[in-house]
Amino acid sequence: MPKRAERIATVPPYLFAEIDKKKREVIARGVDVISLGIGDPDLPTPQFVIDAMHRAIEKPAHHQYPDYDGSFAFRQAACDFYQRRFGHSFDPKTEALALIGSKEGLAHIIWAYIDAGDIALVPDPAYPVYKTHTLLAGGTPYMVPLTAENSFLPDLKAIPEDVARKAKLLFLNYPNNPTGAVATLEFYQEAVAFCRKYDILLVSDNAYSEMTYDGYVAPSIFDVDGAKEVAVEFWSLSKPFNMTGWRIAFVVGNADAIGALGIIKTNTDSGQFTAVQEAAIAALTDPAADSFIAEMNATYLRRRDLAVAGLRAIGLKAEPMKGSFYLWVPVPAGHTSASFATLLLEEAGVVVTPGGAYGPHGEGYVRIALCLKEERLQEALERIKQHVKV
Ligand SMILES: *Cc1c(COP(=O)(O)O)cnc(C)c1O
């Protein structure tokens with residue numbers, strides 16, 4: 001084989017691949033491993049979406065190449081959803097694109113903006129795609145710490161002037177993976193002003209906007225006046241409709257940025273299966289969608305409260321998150337993220353994700369995902385209590 005491209009060596013091994021390997025080793029020893037690791041909903045896709053898919057797959061027109069930008073009907077449904085949910089309007093022709101999951105779009109928007117040596121402002125810790133694709137594109141991720149003292153919001157004033165001037169992208173993701181933090185409107189205002197001042201595209205990853213608790217309603221970056229001049233927002237059906245396997249999401253916002261992303265996409269993929277888009281339209285428009293999400297959030301809330309109580313009983317400092325389905329838990333004194341995650345796996349057969357894997361400032365935490373039944377969660381907590389001295 002020829003030598004691989006240099007860019008391959010710039011990215012660290014994909015986080016979940018490492019954890020999966022360790023997990024398989026423990027399973028091979030006969031342990032019934034319980035995973036609090038990966039954020040992949042265990043709950044089913046709504047039946048009205050599955051029914052729509054059955055109908056959609058029968059249509060021969062859908063068996064041909066999809067529209068590159070997504071079907072007009074899907075883009076319209078996405079824009080209608082944004083209008084209804086957030087009160088902001090977008091032109092489905094120029095300000096919206098269908099995506100093969102947000103991960104695809106997030107990766108590709110980096111290729112639309114980052115040349116060798118360009119800077120992207122990437123939260124630390126964060127969903128790995130922002131950093132890895134910046135590296136693959138030859139850019140420089142400038143890591144912006146998310147710390148408990150700042151409620152896991154980046155301190156934009158701490159970014160050096162010369163870095164801000166060179167930066168082309170700022171990534172934000174609230175409700176946040178992995179910390180479970182949520183953004184205030186004041187912070188979004190500050191972020192939009194910052195991006196205006198330095199001519200930066202603000203990339204808001206709003207994957208968890210619907211998964212919120214205790215009466216909290218997540219904002220959109222477009223709640224800030226004028227945000228459309230500097231921002232795009234990614235919204236995925238993966239988490240709110242338990243559709244991670246379906247690979248369907250969209251982006252709305254600044255027409256120039258949407259156009260740039262469209263150029264990369266047209267030359268890379270040929271769009272998502274139109275039948276999947278049609279099923280997604282059902283998710284975005286069915287009157288049963290709101291009650292589906294409300295019921296799902298009630299389930300996550302029960303799990304959250306069970307986990308927080310259980311972790312506190314063990315002696316861990318768990319704070320109930322207002323959004324996402326992740327608990328961001330400080331590890332006990334004397335441990336690193338990795339040593340504590342390894343201890344839980346080896347002694348209790350419980351998988352958690354070491355925070356350090358999301359960036360250096362994730363060190364000192366583990367992420368607990370609530371994507372499992374209450375009985376299993378309960379068992380995981382009992383096992384940790386029994387086998388692990390905190
Ligand atoms: C799960 C998740 C997404 C959604 O990704 P898809 O590719 O749409 O499945 C996006 N951003 C973050 C931070 C996530 O955790």
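This briefing describes the ligand site and some aromatic pairs of one structure. The structure is a predicted model, in which local features need pLDDT of at least 70, side-chain atom pairs count only at pLDDT 80 or more, and totals for chains, interfaces and linings use all residues. Residues are numbered from 1 along each chain as its sequence is written, and side-chain values use heavy atoms, with hydrogens and water left out.

**Ligand surroundings**

- The ligand is surrounded by 14 residues, where a residue counts as near if one of its heavy atoms lies within 4 Å.
- The closest are Asp205, Tyr208, Ser236, Ser238 and Lys239.

**Polar contacts** (pairs of N or O atoms within 3.5 Å)

- A polar side-chain atom of Asp205 is 2.6 Å from a nitrogen atom of the ligand.
- For Tyr208, a polar side-chain atom lies 2.6 Å from an oxygen atom of the ligand.
- In the side chain of Ser236, an N or O atom is 2.6 Å from an oxygen atom of the ligand.

**Aromatic pairs**

- The whole structure holds 22 aromatic pairs, that is, rings of Phe, Tyr and Trp (its six-membered ring) with centres within 6.5 Å; planes under 30 degrees apart count as stacked, over 60 as edge-to-face and the rest as tilted.
- The ring centres of Phe81 and Tyr82 are 6.2 Å apart and the planes stand at 65°, so this pair is edge-to-face.
- Phe81 also forms a tilted pair with Trp235, at 4.5 Å centre to centre and 50° between the planes.

How values were computed
Polar contact = N/O pair within 3.5 Å; in protein donor to acceptor, adjacent residues only side chain to side chain.
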